[in-house]
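Hello,

Here is the structure I promised to pass on to you. Have a look at it first, and then read my notes below.

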Amino acid sequence: MQDRKKKQPRIALMTAASVAAAAVFTAILFVIQVYGAGGGTTDSSSVKSYNVTVGASRGEILDLNGNALVYNETVNTLTFNALNFPKENAEINTMLISLINLLEGKGETWIDTLPLVMNADGSVAFAEDKESEITKMRAPSMLNLNPYATAQNCYDAMLEEFGIEGFSKTDTLKLMSVRYNMKKLGFSVYTPYTFSEDVSVRTLAYVKENGNFYKGVDAEVRSVRKYTGNGTLAAHLLGTVGALSADEYKEKKTETETAIKAAGTDARKAAEIKARAYAITDDIGKNGIEKAMEEYLRGKNGVKTLSVDKDGNVSESYSVVPEQGGTVISTINKDIQEIAQEALRERISEVTDNEAIAKGLTPAGAVVVQDVNTGAVLAAATYPDFSLTTYYDDYNELSQNPGKPLWNRAFQSAYSPGSTMKPCVALAGLEEGIITKDTRYLCTGIYTYIDQTFACFNKNAHGNINVQRALGVSCNIFFFEIARQLGIEKLNAYAKLFGLGQKTGIEIDEAQGILAGIEYRDSIGKGWKPGETLLASIGQSDNSFTPLQLSNYCAAIANGGTRYVPYLVSKVLSADYKTTLYEHTPEVAVQTNISKESLETVKGGMYIVANETSCEPYLGHLKYKVACKTGTAEKTRRVNGVYVDGTDGFLIAFGPYEDAEISIAVVIENAGSGSSTAQVAADIFEYYFSKMGEIRNIRTENTLID
């Protein structure tokens, strides 16, 4: 209770600041976008009026404690207003080159996306990696050139169309960039053109003071997306925002038209739908939470009427004020996310097989941390990663990086899980009555089945052992025998209970993975051999699971047999925090109904791994006892035409052992062993246990968002 009282002044201050920010953003003018060609125009003998939309500020994304992960920052922009813009090419070009020189002289930037470049010898060439833009440039709606038109052909066409004369080649290319982009984006009274997205107050003042020359150049204040730290924190979870693609615009346009038809004669509702419509110049969430919560983050556009009298004077009024998008409260714990990313990065640098790297395999990995009692994802890190701040500047390099830093390995990469499969097999054997806690099998290091011979882990002979010891030393022979008696159908029935090889249902993109068995082999036109059942029991054969699936499976073991649907968004509040727009209730995917006795037996075996055998050096010293299971999986990948062998390391863990709160799954590609991943989990547990009381308080009281 005392902790809650201490937090209230901070929460009140944050809330007040957020409300103030929302009020400011509500008044900000955004890109004016088309309602419909001429649809909002009225005409009289003395006044012409144009109804246009005013875009809303995008909502922010916070962590579960109210720390900003994605927020808005205001910037000064220069836009072109068609009502007052020059009409003749000569005047337009003279003004534009002056504006370009003004900004460049002050070290400021303007939007330059023309897919043409000037070579050192003065010749023109197409920019690299701009094939789609080059195709658009040649299209009938743009320069109307043949599909095979050269860069020089495009250059010459623009010289003629835009009436560019008397400028140097360098300045000519700059003018072409602005004029071409204005045309491409449909510059008109309904669609202003953004020339520069971030200019100084001094530059704005100069432009306004010389308004008679810089006709139609307006100064506006807008908000831009900003990210905590350097933009790498939870980048794969938060996602990106970008311009609408042609397909996305077509889809959104169809949705709007359908909604307007459904509104029938309700003019007010139709007007609201139009205000929410996407224009071709709009941004949209492309992936991650930005995409999943687009409906809430986007906000509600306003409506503004521009009126021009017979003397050319322009006035404006608002019939609908824009509303900032909602505030997304995620399940991410900023501090745990930072610890997870740093621990993963450090451990990968320490354990990656240098010989494998020299052959072309890249250092990589992922980690997922969940609340075992709700399914909430507290952290999910992927390495290599990227910065949301510089995403678009770095995109070409990122997309060509062999390490695939844009790929969310935590949710989208599926791996052969190795011995992390064994707790599931043990539970299946216990529940089906094949073994009890005291059943012992003899491990001689070799197991013969039909006409095949299989070896134990590291070819060790473990002697006469029970299930807990078999888990503790990761004895393959013990689990081969369970699998032989179970059969692949029964084994997979339990794997499905724990969600292995199945999508979890989380809000953002994820891979399904593969559950090895007859069903999968039939789907690819191949048969199932009896020996494959044994390999499947130790996480080999075709088995392929995501780190998220492994964490969720571990969480179900830890919490007593309930598998939840993982989630990343706790709730969405209005920008002023007064209204709850969406709230997530933890959702049970499956009640496994596995007996407490079986679960306790398996958890006891996982306790041995963490505190007595391979992971004791990493996890045995923690403030609270934990349990885990390691796994290794050999792989062969084709790199630059050559097959290269490597070994991935895995770990699933939960803690505290007596009353579990979090589960962790770690994978490090080319790590050599599962135990080598344990330090990542140790760092996360160490932080979590040091803050456990505080974290519990936040989880139960929801002080920030109540």
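Of the 706 residues in the chain, 54% are buried; buried means under 20% relative accessible area, exposed means over 50%, and partly exposed lies in between, with a 1.4 Å probe and protein chains only. Please keep in mind that this is a predicted model, in which local features need pLDDT of at least 70 and side-chain atom pairs count only at pLDDT 80 or more, while totals for chains, interfaces and linings use all residues. Residues are numbered from 1 along each chain as its sequence is written, and side-chain values use heavy atoms, with hydrogens and water left out.

First, the chain as a whole. Its C-alpha atoms fill a box of roughly 100 × 65 × 50 Å along the principal axes. There are 26 helices and 27 strands (DSSP runs numbered from the N terminus: helices are H or I with at least four residues, strands are E with at least two). Among contacts (heavy atoms within 4.5 Å) with a separation of 6 or more, 73% join residues 24 or more positions apart.

Now for the aromatic rings. The structure holds 22 aromatic pairs. Rings of Phe, Tyr and Trp (its six-membered ring) pair if their centres lie within 6.5 Å; planes under 30 degrees apart count as stacked, over 60 as edge-to-face and the rest as tilted. Another pair is Phe654 and Tyr657: their ring centres are 6.1 Å apart and their planes are at 20°, so they count as stacked. Both of these residues, Phe654 and Tyr657, are buried too.

Phe80 and Phe195 also belong to one aromatic cluster, together with Phe85, Trp110, Phe187 and Tyr193.

Elsewhere, Arg298 lies over the face of Tyr278, 3.7 Å from the ring centre (a charge sits over a ring if NZ of Lys or CZ of Arg is within 6 Å of the ring centre and within 35 degrees of the ring normal).

Finally, look at Ala219 in strand β9 (residues 217-227). Ala219 is partly exposed, with a relative accessible area of 33%. Leaving aside neighbours within four places in sequence, Ala219 is in contact with Thr77, Leu78, Leu204 and Lys208.

Enjoy exploring!
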